[in-house]
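Me: I have a structure open here and would like to talk through some of its local features. Could you take my questions as they come?

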Amino acid sequence: MTPTDLNDPRIPALARRPGKIIAVHLAYTSRADQRGRRPAHPSYFFKPASSLAPTGASIERPHGTELLAFEGEIALIIGEPARRVRAEEAWDHVAAVTAANDFGLYDLRENDKGSNVRSKGGDGYTPIGPGLLDARDVDPAGLRLRTWVNGDLVQDDTTAGLIFSLPQMVADLSQHFTLETGDVILTGTPAGSSVVVPGDRVEVEVSAGDASTGRLETTVVQGAHAFDASLGSLPAVNDTQRAEAWGSREAAGLPAAPVLSPELRDKLTRVPVAGLSQQLRKRGLNNVTIDGVRPMHPGSKLVGTARTLRFVPGREDLFAARGGGYNAQKRAFDSVGEGEVIVIEARGETGSGTLGDILALRAQARGAAGIVTDGGVRDYDAVAEIGLPVFSRGAHPAVLGRRHVPWDVDVAIGCGGTTVEPGDIIVGDGDGVLVIPPALAEEVADAALAQEEEDAWIAAQVKAGHPVDGLFPMNAEWRARYDAERSGR
C-alpha cells in the first residue's frame with residue numbers, strides 16, 4: 001500500500017477501514033512535564049473504527065457534559081504488516097503520516113479507568129486527514145505538529161520532543177500483535193491540549209519542511225441526547241479531571257491546589273518533631289513516625305511535601321527489565337519539585353545504597369527540600385558535602401541492584417514502618433522524621449507552637465526551683481498563673 005492508494009471517499013486519508021486504531025497515552029516531554037509524570041515505557045489503548053471522521057466534520061459534546069478536550073496528534077498508517085520488527089526497520093512498515101485529533105470526554109474518564117473505551121470512543125472522536133505525507137519522504141524525528149482553536153495556535157511541537165520515537169512505538173506494538181495494513185497509530189499529544197465548547201473550531205496540521213497534510217478541521221456542536229442512568233454510569237467530573245482536561249487548575253478557573261505555604265513551612269520549621277508528634281497523638285495518630293532513620297547533618301531540619309519512590313526486593317531478572325534505562329529512581333529525582341521531599345521505600349534494607357551523590361545533586365538542583373530513605377546511602381561523604389538534608393539508616397558502598405529494583409513513583413509507600421502518600425507533609429529533626437496529613441498540618445503546627453510556649457514557661461518555673469508535681473502538667477492553680485501572665489503581656 002502506498003499513500004496514493006489512500007483514497008476512501010468516506011475518509012480520504014484512509015484506503016480502507018482500519019482493523020485497529022491504537023493510541024499512546026503519554027509520549028511528549030512537554031505533556032509529561034505538564035502532567036508531572038514521565039513514563040518509563042509507552043502504554044496504549046484502542047479506539048473503535050467508528051470514531052473516525054473526515055476533515056470538516058462536527059463532533060458532538062454530549063448533553064449534560066462539560067469537559068470535551070482536543071488532542072492534536074500525528075497519525076501513522078501502517079503499510080506492510082509488522083510482527084516482531086526491530087526499531088531500526090520499523091519505519092519501513094509505515095506507509096503514510098497524517099494529522100489526527102484524539103478527542104476525549106473527561107466526564108467519562110474516571111469510570112473508564114485508563115481504558116478510554118467511552119471517554120475516547122465516541123462517534124467522530126478521531127478525525128483524521130485531510131492529506132498524507134509519504135513515510136519514505138519524511139524523517140520520523142523531524143515532523144512538526146500544530147493545533148489551532150478558533151484560529152489561535154495552541155499546540156506547536158516536533159517529534160524531537162517525543163519521549164519514545166515513532167519507530168520505537170511501531171516496534172513495541174509489533175512485539176505484542178501484528179500491525180496490519182491500514183492500521184492507525186495515534187502517537188500522543190504535546191502540551192497545550194485543553195477543553196473546547198460548542199461553536200469552537202479545531203484545526204490540526206502535520207508538516208515536514210514545506211510538505212504538509214493540510215489542516216484537519218473539526219467543529220464542536222452541542223448534542224441533544226442525555227445518557228441513560230439505567231444503562232450505565234453517568235458522566236461525573238471533579239476538580240482533578242477539570243484541571244487535567246483544561247491543562248492546569250488555573251486554566252480551569254480553579255483555586256491553586258493546597259500547598260505548603262511559606263507561613264506554614266515557617267511554623268513547622270520552628271516547632272520540634274517531638275512537639276508535633278505529641279499533637280498528632282492527641283488526635284489519635286500514633287503510626288506517623290518514619291522509624292530508624294537519622295539525619296546526615298546533626299541539627300538539620302527538614303520540612304517539605306512528599307514525593308514517593310518505591311523499591312522492591314532485588315531479583316536479577318526484574319532488575320534487568322526495570323533497573324536500567326530511565327527507571328523509576330531516575331524519574332523520581334528528575335521530577336522532584338521545589339520544596340518537595342523524596343521519600344524512599346527500601347524496606348529497612350541497609351545492604352545497599354538507595355541513592356548517591358549524582359542523584360543528590362540532581363535533587364538539590366531541582367530545589368528539593370531533602371531526602372528520606374529507610375535504606376542506605378552510597379557516596380555518603382560526598383552526599384554530605386552537598387548539604388541537602390538527608391535522613392537514612394546509614395552508609396553502604398554497594399550499588400542499587402545488590403538489594404533493590406526501582407519499581408514505582410508517586411504511589412503510597414511504606415517507609416520506616418509507616419505509610420507515606422504523595423503530598424503528605426514531612427518534618428524531620430534530630431528526634432526523627434514525622435508524616436503529617438496535609439489537612440491537619442496547620443492545626444497541628446499552631447497547637448505545637450502553643451505547647452512549646454507553655455513548655456518554655458514551665459521550664460522557667462522548674463529552673464527557678466519549683467517542683468514538677470502540679471506544674472507538669474499544670475494543675476488548675478498553675479494554669480491560672482500561666483494564663484494571667486500571658487494575658488498581662
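Me: Where is the place of Pro473?

Reply: This is a predicted model, and in it Pro473 has its place in the loop between H12 and H13. The peptide bond that joins Phe472 and Pro473 is cis, with omega at about 0°.

Me: And those two helices, at roughly what angle do the axes of H12 and H13 cross?

Reply: The axes of helix H12, residues 438-463, and helix H13, residues 476-487, cross at roughly 110° and come within 12 Å. Since angles of 65 to 115 degrees count as roughly perpendicular, that makes H12 roughly perpendicular to H13.

Me: Which residues make the contact?

Reply: From H12 the contact is made by Ala450, Glu453, Glu454, Trp457 and Gln461, while H13 brings Trp478, Arg479, Arg481, Tyr482, Glu485 and Arg486. Sorted by class, the residues of this contact of H12 with H13 are six charged, four nonpolar and one polar.

Me: OK, what about H9 and H10, how do their axes cross?

Reply: Helix H9 (residues 328-335) and helix H10 (residues 357-365) have axes that come within 7 Å and cross at roughly 30°. Angles under 35 degrees count as roughly parallel, so H9 is roughly parallel to H10.

Me: Which residues meet there?

Reply: On the H9 side they are Gln329, Phe333 and Asp334, and these meet Leu359, Ala360, Arg362 and Ala363 in H10. The residues of the contact of H9 with H10 divide into four nonpolar, two charged and one polar.

Me: Back to prolines: what is the peptide bond from Gly129 to Pro130, cis or trans?

Reply: The bond from Gly129 to Pro130 is cis, with omega near 0°, and Pro130 lies in the loop between strand S9 (126-127) and strand S10 (133-134).

Me: What is the phi of Arg84, positive or negative?

Reply: Arg84 has a positive phi of about 55°, although Arg84 is not a glycine. Its place is in the loop between strand S6 (72-78) and helix H2 (87-90).

Me: Switching to rings, how many aromatic pairs are there?

Reply: The count comes to three aromatic pairs. In one of them, the rings of Phe46 and Phe177 have their centres 5.9 Å apart and their planes at 40°, so that pair is tilted. This pair links distant parts of the chain, 131 residues apart, with Phe46 in strand S2 (residues 44-47) and Phe177 in the loop between helix H4 (166-174) and strand S13 (184-186).

Me: Last topic, what volume does the second largest pocket have, and how many residues line it?

Reply: The second largest pocket has a volume of about 380 Å³ and is lined by 16 residues, among which Pro62, Leu108, Gly122, Tyr125 and Phe227 lie nearest its centre. By class, the lining of the second largest pocket has seven nonpolar, five polar and four charged residues.

Notes: Residues numbered from 1 in each chain as written. Predicted model: local features only at pLDDT ≥ 70, side-chain atom pairs only at ≥ 80, totals over all residues. Heavy atoms only, no water. 1 Å grid on protein atoms, 1.4 Å probe; cavity = no way out; pocket = protein on both sides within 12 Å on 5 of 7 lines; lining within 4 Å. Points joined across faces, edges and corners; volume = space filled by probe spheres on them. Nonpolar A, V, L, I, M, F, W, Y, C, P; charged D, E, K, R; others polar. Axes fitted to C-alpha atoms, helices over the stretch in contact; angles between N-to-C directions. Helix = DSSP H or I, 4+ residues; strand = E, 2+ residues; numbered from the N terminus. Parallel < 35°, antiparallel > 145°, perpendicular 65-115°, else oblique. Contact = heavy atoms within 4.5 Å. Phe/Tyr/Trp six-rings, centres within 6.5 Å; stacked < 30°, edge-to-face > 60°.
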